[in-house]
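Here are some notes for a colleague who is opening this entry for the first time. Please read them with the sequence and the structure side by side.

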Amino acid sequence: MVDTKTRDRFIESNLPLVHSLCKRFVGRGIEYDDLYQAGCVGLVKATDGFDETRGLCFSTYAVPVILGEIRRLFRDGGSVKVSRSLKELSLKVTRAKASLEFKLCREPTIGELATELGVLPEEITEALSAAQPTVSLTYESDDGIVETDVATEGPEDLLTNKLLLENAFKVLDQIEYQIICYRYFSGLTQNETAARLGLSQVQVSRAEKKILLKLRGCIGTVA
C-alpha cells in the first residue's frame with residue numbers, strides 16, 4: 001500500500017484524464033462541476049483498485065471506471081446521491097479511523113480500515129469519498145458569479161518537465177529505457193513489453209518498479 005502523499009500526488013497527476021472524459025458529456029444537461037465530481041470519484045476508485053501486476057496501463061483500467069461514475073450520474077438524475085447505507089458506512093469509517101489512529105499512532109490505510117470493518121477496500125474508498133464536502137468551482141459573490149481557477153501547466157512547466165525527464169533518462173541502461181518507452185510512450189502492457197524484450201511479465205513488472213524509483217530519485221535530486 002503506497003503512502004497517502006504518494007497516492008494523492010498520483011491522483012492529482014491524473015486529473016487531466018478526468019477533465020478529458022468529462023468533456024465528452026458537456027451539453028447533455030448536467031453541470032460540468034457535477035460531471036467532474038463524479039469523474040473524480042471514479043479516479044479515486046480506479047487508483048485504489050488498480051493492480052499493476054495485471055499488465056494494464058493505468059489509463060486503460062481507469063477510463064471505464066471513471067466513465068461508469070459519470071454515467072451513473074445521468075442514471076441518478078444529475079446529482080451525486082449518497083445512499084443511506086453508504087452514509088452509515090461513512091460514519092463507521094470515521095469512527096474506525098479515529099480508533100485506529102489512536103492505536104497505531106498513524107493514519108490507517110484503506111486495507112486496515114476494510115479489515116477493521118469487515119468490508120471491501122472499494123467500499124471504504126466510496127465511503128470516504130461520500131464524506132467529503134462538495135466543492136464548487138463557481139460561486140456567487142457581490143461582484144457576480146466568480147469562477148475558481150484550476151491550476152494547469154504552462155509552456156514553461158512543460159519544458160522544464162521535459163528537460164528533467166531527458167536528464168533522468170540518462171541514468172537508465174538500454175533495457176530500462178526500452179521498458180519505459182514501451183510502457184509509457186507506446187502504451188504497451190507489461191505482457192506485450194515482455195514479449196518484445198524476451199522477458200517474463202514478472203521481470204518487466206519488477207524492473208518497472210525499480211526504474212520508476214530510480215527516475216523519481218534522479219528528478220528529485222535535480223529539482
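How many helices and strands are there in the protein?

1. The model is a predicted one, and the protein in it has eleven helices and two strands. Read from the N terminus, the order of the elements is α-α-α-α-α-α-α-β-β-α-α-α-α.

2. Of the 223 residues in the protein, 30% are buried, while the accessible surface amounts to about 14,400 Å², with 54% of that area belonging to carbon and sulfur atoms. Among the contacts with a separation of 6 or more, 56% are accounted for by residues 24 or more positions apart.

3. Asn14 is found in the loop between α1 (4–13) and α2 (15–22), and its relative accessible area is 16%, so Asn14 counts as buried, the cut-off being under 20%. The side chain of Asn14 reaches back to the backbone oxygen of Phe10, at 2.9 Å.

4. When residues up to four places away in sequence are not counted, Asn14 touches Leu43 and Phe58. Phe58 is 44 residues from Asn14 in sequence, and the two are 9.6 Å apart in space, taken from C-alpha to C-alpha.

5. Is Thr193 buried or exposed? Thr193, which lies in helix α10 (residues 190–197), has a relative accessible area of 0% and is therefore buried. Leaving aside neighbours within four places in sequence, Thr193 is in contact with Ile179, Tyr182, Arg183, Leu188 and Val204.

Technical notes: Residues numbered from 1 in each chain as written. Predicted model: local features only at pLDDT ≥ 70, side-chain atom pairs only at ≥ 80, totals over all residues. Heavy atoms only, no water. Helix = DSSP H or I, 4+ residues; strand = E, 2+ residues; numbered from the N terminus. Buried < 20%, exposed > 50% of the residue type's maximum accessible area, 1.4 Å probe, protein only. Contact = heavy atoms within 4.5 Å. Areas by Shrake-Rupley, 256 points an atom, 1.4 Å probe, with all protein chains shown as cover. Polar contact = N/O pair within 3.5 Å; in protein donor to acceptor, adjacent residues only side chain to side chain.
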